[in-house]
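Please open the model in a viewer and keep the sequence panel at hand.

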2 protein chains.
Amino acid sequence: MPETPAELRAGFRAGAGGPTSGLAPGFRQANLLIVPADWAYDVLLFVHRNPDPCPVLDVTDTGSRRTPLGVGSDLRTDLPLYRVWRDGLLVEEPTDVTHVWREDSVAFLTGCSFTFDSALTRAGLPWRYPGRNVAMYRTNRECRAASRVHSRLVVSMRPVPAALVETASRITALIPASHGAPVQIGDPGKLGIRDLERPDFGDPPQMLTGDVPIFWACGVTLQAAVVASRIPFAITHAPGHMFITDVPEPQIAP
Amino acid sequence: MPETPAELRAGFRAGAGGPTSGLAPGFRQANLLIVPADWAYDVLLFVHRNPDPCPVLDVTDTGSRRTPLGVGSDLRTDLPLYRVWRDGLLVEEPTDVTHVWREDSVAFLTGCSFTFDSALTRAGLPWRYPGRNVAMYRTNRECRAASRVHSRLVVSMRPVPAALVETASRITALIPASHGAPVQIGDPGKLGIRDLERPDFGDPPQMLTGDVPIFWACGVTLQAAVVASRIPFAITHAPGHMFITDVPEPQIAP
């Protein structure tokens, strides 16, 4: 019997490991970024100006470990794996961030492509990366900067059989809170991507004959912004180790 | 021949008067709120948490009078009438705010119901307030507060013939950047509104037999927040005297 989001969060709090892909089917998962209050305006303006890669689900009150997205949750302990960043450099990958939590922390929870992956699967699209991470690439597109925060857009790529390209575009366009419609279809060069076999994050894709590469804005853009902007202190989820929310996924008719 | 948004803005800059209702048909108009930088985070979080009354179209860079919503525009001069607020009290209603502009100003431009009024008119809904302002009411619903900014929700009301209620709901639901679907249909008491004939803002409505009152979240909520939160200094548009953008209105099929 599948565990509920609250049970899974309690499990991570008690020491269970991730990743979270495939857990709590039917519920949204979220990217996490925590910054000190003096960077919160810059980040909030950045995510507001770049809703495709960074669709905000919640911003916490300063100092609060709570979010209405997960009743009874504690953002310091309820993800299976975190990353701690100083001056844009990864310094630690702990299972709990109580020891580095600051009282002026502000947490941003943003939509994750796991949500549209399940909508695409329900619509009959083949799942080309069982047991692997989706391929992600840095692009040549600058996000709209906000004060001190800036980044190039990061995209995820899914190989889609040509006959299903229109379906994949249409379905994801209906889920703006999970990155929305593709940013590019079929031409990696337009995004400055030279070699699909060498993604910047995740695993190399499995392209079959007749597959078209489709690119979507990716939540990893926000981690790229931590690095590019050299934010003095930040906490994020570790890739693939998301915050599991109580919020049901949207039901999109295929 | 109708004037372009840029020509109209230049006219206001040169001293032409408003209001702006009906001007530049086909282009979005926007509510304006300007606050000093030390209140910008609170306001940005408030509008983010309350997208129905406050659908953000743009947030300017600190100190900038420019917005990409209006090429070549100057937010200090390009609206026909402004309001200046100190500690939540209205202190002045000038046609230009150059004399009170602060170098740490941040401007918020949010969606306006003029956009959905034109979509409703195209869909065959009768226009019940020619030459009048729409009726607006304070409600008993608290918006989700953000740090120091809080307000009750303000709604606008349009009387709609019963047979067109579903059409009006459906069309406005498609325009989230102009307040989206109704917050209440047919029962003012549910919102704590006792007397439709006595709106808190705007003119009394013209209800005909068979009309159903439909309530939508209203951009005036943001001015109510200036008052309720006693923001030390703020500039807004004067009611009905909006910023005319270069952004085309969405074309919603009736």
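This is a predicted model: local features need pLDDT of at least 70, side-chain atom pairs count only at pLDDT 80 or more; totals for chains, interfaces and linings use all residues.

Two residues are in contact here if their C-beta atoms, placed from the backbone, lie within 7 Å.

**First stop: the contact between the chains.** Select chain A and chain B together. By the criterion above, 9 residues from chain B and 9 residues from chain A take part in the contact. On the side of chain B that touches chain A, helix H2 (40-49) and strand S2 (56-59) of chain B each supply at least two residues. H2(B) gives the most, with 5 residues. Sorted by class, that side of chain B has 6 nonpolar, 3 polar and no charged residues. Of the interface residues of chain B, 100% are also interface residues in chain A, so the copies meet through the same surface.

**Second stop: the axis.** Keep both chains displayed.

Select the buried residues of H2(B): Ala40(B), Tyr41(B), Asp42(B), Val43(B), Leu44(B), Leu45(B), Phe46(B) and Val47(B). From chain A, H2 and strand S2 (56-59) pack against these buried residues. From chain B, their packing partners are strand S1 (27-36), S2, strand S5 (105-111) and helix H5 (221-228).

The domain assignment gives domain 1 (5-14 + 28-112 + 228-248) and domain 2 (114-221) of chain A. Their C-alpha centres lie 23 Å apart. Which residues join the two domains may be shown next: the contact takes 23 residues from domain 1 of chain A and 24 residues from domain 2 of chain A.

On the side of domain 1 of chain A that touches domain 2 of chain A, the elements giving two or more residues are strand S1 (27-36), helix H2 (37-49) and strand S5 (105-111) of chain A. H2(A) gives the most to this side, with 6 residues. By class, this side of domain 1 of chain A has 12 nonpolar, 7 polar and 4 charged residues.

Methods: Residues are numbered from 1 along each chain as its sequence is written. Chains are lettered from A and ligands numbered from 1 in the order in which they are written. Domain bounds come from an automatic or database domain assignment. Helices (H or I, at least four residues) and strands (E, at least two) are DSSP runs, numbered from the N terminus. Ala, Val, Leu, Ile, Met, Phe, Trp, Tyr, Cys and Pro count as nonpolar, Asp, Glu, Lys and Arg as charged, and the others, Gly among them, as polar. A residue is buried if 20 or more other C-beta atoms lie within 10 Å of its own, exposed if 12 or fewer, and partly exposed in between; C-beta atoms are placed from the backbone.
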